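Thanks for coming. I have one structure to go through this morning, and I will keep to what can be read from the atoms.

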Amino acid sequence: MSVIENRAIPILSESAIIPMYNLLKANVVRSRSPFSVILITIQKSSLKNPAIDETAKEFIALLQRKLRQTDALFSLDHKNKMEWGIILAQSGEEEAGAFLQRLHEEVHLEMNQGDRTMVSYAIGVMEVRNSGVPWPLLIQAGRRALQQSSFPSAWHIDYVGVAKQQERETVKVSIIEDDEIARDILETTIMRMKVDHVKLQVRSFQDGLDFLQSDWFYSSHPHIILLNDILPRKNGLEVLHALRAMPNNGKFFIFMMTKRNAEEDMIHAYELGVDQYISKPFNLRLLESQMKRVFVRLWS
């Protein structure tokens, strides 16, 4: 996570931050890019010690300098506690943890002197991969985790999984194969696959023309295509050309199935936009593993 030095970002109110949160979480499934919300509570051994208050101000000023312009810093007024929050856009909990580690090192070097050692930082990190978690529930879960923490050190981090569970995403699979037996075997194999966070919609076509005349491939869903290269009407290369000519062709992951093993044929297919070249006869278990790898890449 890169930072921009000497460009302090403003401190927003909670009411101003909620629209940003709602926008990011609404986009999280489509973009497949998580973000993180961080709660920070400063625990003070002496509420009336002015040195402690000054340390808190210095800490917030440090945050303002270290955060990116795409991130957000906000204040929370919760029972008179010193509580702030951060939204790290396009950063999962691993990146958030790395950022907090660097921040801890700077706090230790610059701020832990004299009475400042009396300050403890309780931090909750919540990675958001689910668009269904409302703001009040997220903040409540973060606060509950911090309240239940024993604060064994001056810098304590809890990772809270309230919004980390991925939503099930619809992925379409098209089998374009003129051999009825092979088509049925492929369809049965794919429909039996168990893939976390993915709902498969499978449909078979007997040739390229049948597929291209359907409206099956016009949706915005990720789409895996098992495509035979030799077909009676509209061969595999023609289908491939039509799909790669579409403006949103990046949603397609295309497996080209063929009996031809010539190096020139394979190179030509890859140059036209094939993602995976499969020589017949192929191992169904290997194909299943290759497809599952595609599903993993949806959130990588």
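Predicted model: local features only at pLDDT ≥ 70, side-chain atom pairs only at ≥ 80, totals over all residues.

The protein has nine helices and eleven strands. Of its 300 residues, 45% are buried. If you take the contacts between residues at least 6 apart in sequence, 75% of them join residues at least 24 apart.

Now the rings. How many aromatic pairs does a search of the whole structure find? It finds eleven. One of them is Phe 205 with Phe 211, an edge-to-face pair with 5.2 Å from centre to centre and 85° between the planes. Phe 211 also pairs with Phe 217, and here the centres are 4.8 Å apart and the planes are at 25°, so this pair is stacked. The cut-off for stacked is under 30 degrees, and for edge-to-face it is over 60. As for solvent, Phe 205 and Phe 211 are buried, and Phe 217 is buried as well.

Elsewhere, Tyr 21, Phe 35, Phe 74 and Trp 135 are linked by ring pairs into a cluster. There is also a charge over a ring: the charged end of Lys 172 sits over Trp 216, 4.1 Å from the centre of the ring.

Next, Ser 36, which is in strand β2, residues 35-44. Is Ser 36 buried or exposed? Its relative accessibility is 0%, and buried means under 20%, so Ser 36 counts as buried. Leaving aside neighbours within four places in sequence, the residues in contact with Ser 36 include Ile 86, Ile 87, Leu 88, Glu 93, Ala 96, Met 126 and Glu 127.

Now the backbone. Most residues other than glycine have a negative phi, and most peptide bonds are trans.

Gln 90 is not a glycine, yet its phi is positive, about 55°. Gln 90 is in the loop between β4 (81-88) and α3 (93-110). With a relative accessible area of 62%, Gln 90 is exposed.

Lys 234 is also not a glycine and has a positive phi, of about 60°. You will find Lys 234 in the loop between β9 (223-228) and α7 (236-244). Lys 234 has a relative accessible area of 37%, so it is partly exposed.

The other place is a peptide bond. Lys 280 and Pro 281 are joined by a cis peptide bond, with omega about -10°. Pro 281 belongs to the loop between β11 (276-279) and α9 (284-297).

Last, the helix pair. Two packed helices are described by the angle between their axes and the distance between the axes. For α7 and α8 (residues 263-272), the axes come within 10 Å and cross at roughly 25°. An angle under 35 degrees counts as roughly parallel, so α7 is roughly parallel to α8. Which residues meet between these helices? From α7 they are Leu 237, Leu 240 and Arg 244, and from α8 they are His 268, Ala 269 and Leu 272.

That is the end of my list.

Conventions:
Residues numbered from 1 in each chain as written. Heavy atoms only, no water. Phe/Tyr/Trp six-rings, centres within 6.5 Å; stacked < 30°, edge-to-face > 60°. Buried < 20%, exposed > 50% of the residue type's maximum accessible area, 1.4 Å probe, protein only. Lys NZ or Arg CZ within 6 Å of the ring centre and 35° of its normal. Helix = DSSP H or I, 4+ residues; strand = E, 2+ residues; numbered from the N terminus. Contact = heavy atoms within 4.5 Å. Axes fitted to C-alpha atoms, helices over the stretch in contact; angles between N-to-C directions. Parallel < 35°, antiparallel > 145°, perpendicular 65-115°, else oblique.
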